Amino acid sequence: MMKYTLITGASSGIGKALSYQFASRGHNLIITARRQDELNKLKEDIEGKYAVQVMTKACDLAQEGHAEDLYRQLRDYDLTVLINNAGFGDFSMPWDMDLAKATRMLDLNIKALTTLSLLYTKDYADREATLINVASVGGYSVFDIAVTYCATKFFVAAFTEGLAQNLQDQGKKMRAKVIAPGPTQSEFVAQSSDNSGINGDGLFAEDSFITAEKLADYAWQLFESDSTVGIVNANRRLMLKPPIYPYINVPH
């Protein structure tokens, strides 16, 4: 059976760069995002450059039930890698944050990611498979202008690290990993500034950004490593680490 890598949020930025990175390594892709036209362009370009097959699935994962529907549609495919990249941020003090945007952020950054991760784990825990969840340096430090966003990424980091240790403790074959980027050249700042209390233009020094392509290369390094966590530090370097969050074995 043909093997595939599923990448969410693939139409731009980090997700798009991840698609090129894994395709260049010979991975067939299933790419998903809201914008079908952008997915079609990406499919055409990747298949023109690499000897891989690319499938597209337009899907708004923030909508109720859409993550589960997507996964059910792909049940007959061998998904050796799942990369949960879809997500967005917000620059606001908590009292200024738009509630509708906050709710959508929780639905995408946490609910959709958790749904896909748990469904994937049910099917692949005993198989050679890898789950990579995209968190943020904001999943390990709270920034005053993005408390809600950071909280979503704290969840992603803690959930993925805990899952990774569960899998290891129980002798499962599947691996779970978390990549935590810092400022990255993508649509993130624009999306975080949209309908927010703070304009993100100029918040970060230009030389603090890495390219989405560099982040995708870091994700590949994490994928190939025995580490669970990949954090991009203030020097824009990748630090590979074992799980950071405390983990307690409870007798059961």
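Notes on the source. The model is predicted, so I read local features at pLDDT of at least 70 and side-chain atom pairs at pLDDT 80 or more, while totals for chains, interfaces and linings use all residues. Residues are numbered from 1 along each chain as its sequence is written, and side-chain values use heavy atoms, with hydrogens and water left out.

Entry: Asp78. I find a relative accessibility of 7%, so Asp78 counts as buried. Buried means under 20% relative accessible area, exposed over 50%, and partly exposed in between, with a 1.4 Å probe and protein chains only. The side chain of Asp78 makes a polar contact of 3.1 Å with that of Arg127. A polar contact is a pair of N or O atoms within 3.5 Å; within protein, one must be able to donate a hydrogen and the other to accept it, and residues adjacent in sequence count only if both atoms are side-chain atoms. I then listed contacts (heavy atoms within 4.5 Å). Leaving aside neighbours within four places in sequence, Asp78 contacts Met1, Met2, Lys3, Tyr4, Tyr124 and Arg127.

Entry: Tyr4. I went on to Tyr4, which lies in strand S1, residues 3–8. Tyr4 counts as buried because its relative accessibility is 5%. Which residues does Tyr4 touch, not counting those up to four places away in sequence? I list Asn28, Leu29, Ile30, Gln53, Met55, Tyr77, Asp78, Leu79, Thr80 and Val81.

Entry: H3 and H4. I looked at helix H3 (residues 66–73) against helix H4 (residues 99–124); their axes come within 8 Å and cross at roughly 30°. H3 is therefore roughly parallel to H4. Axes are lines fitted to C-alpha atoms, for helices over the stretch in contact, and angles run from 0 to 180 degrees between N-to-C directions. Angles under 35 degrees count as roughly parallel, over 145 as roughly antiparallel, 65 to 115 as roughly perpendicular and the rest as oblique. H3 contributes Ala67, Glu68, Tyr71 and Arg72 to the contact, and H4 contributes Ala112, Thr115, Leu116, Leu119, Tyr120, Asp123 and Tyr124.

Entry: H1 and H2. Helix H1 (residues 13–24) and helix H2 (residues 36–49) pack at about 25°, with their axes 10 Å apart. I therefore note H1 and H2 as roughly parallel to each other. On the H1 side the contact uses Lys16, Ser19, Tyr20 and Ala23, and on the H2 side Leu42, Asp45, Ile46 and Lys49.

Entry: Arg236. I found Arg236 in the loop between strand S7 (229–232) and strand S8 (238–241). Its phi is near 65°, a positive value in a residue other than glycine. Most residues other than glycine have a negative phi. Arg236 counts as partly exposed because its relative accessibility is 36%.

Entry: Pro243. Is Pro243 buried or partly exposed? At 28% relative accessibility, I note Pro243 as partly exposed. Pro243 is in the segment after S8. From C-alpha to C-alpha, Pro243 and Glu161 are 5.6 Å apart in space and 82 residues apart in sequence. Not counting residues up to four places away in sequence, Pro243 touches Glu161, Gln165, Thr228 and Val229.

Methods
Helices (H or I, at least four residues) and strands (E, at least two) are DSSP runs, numbered from the N terminus.
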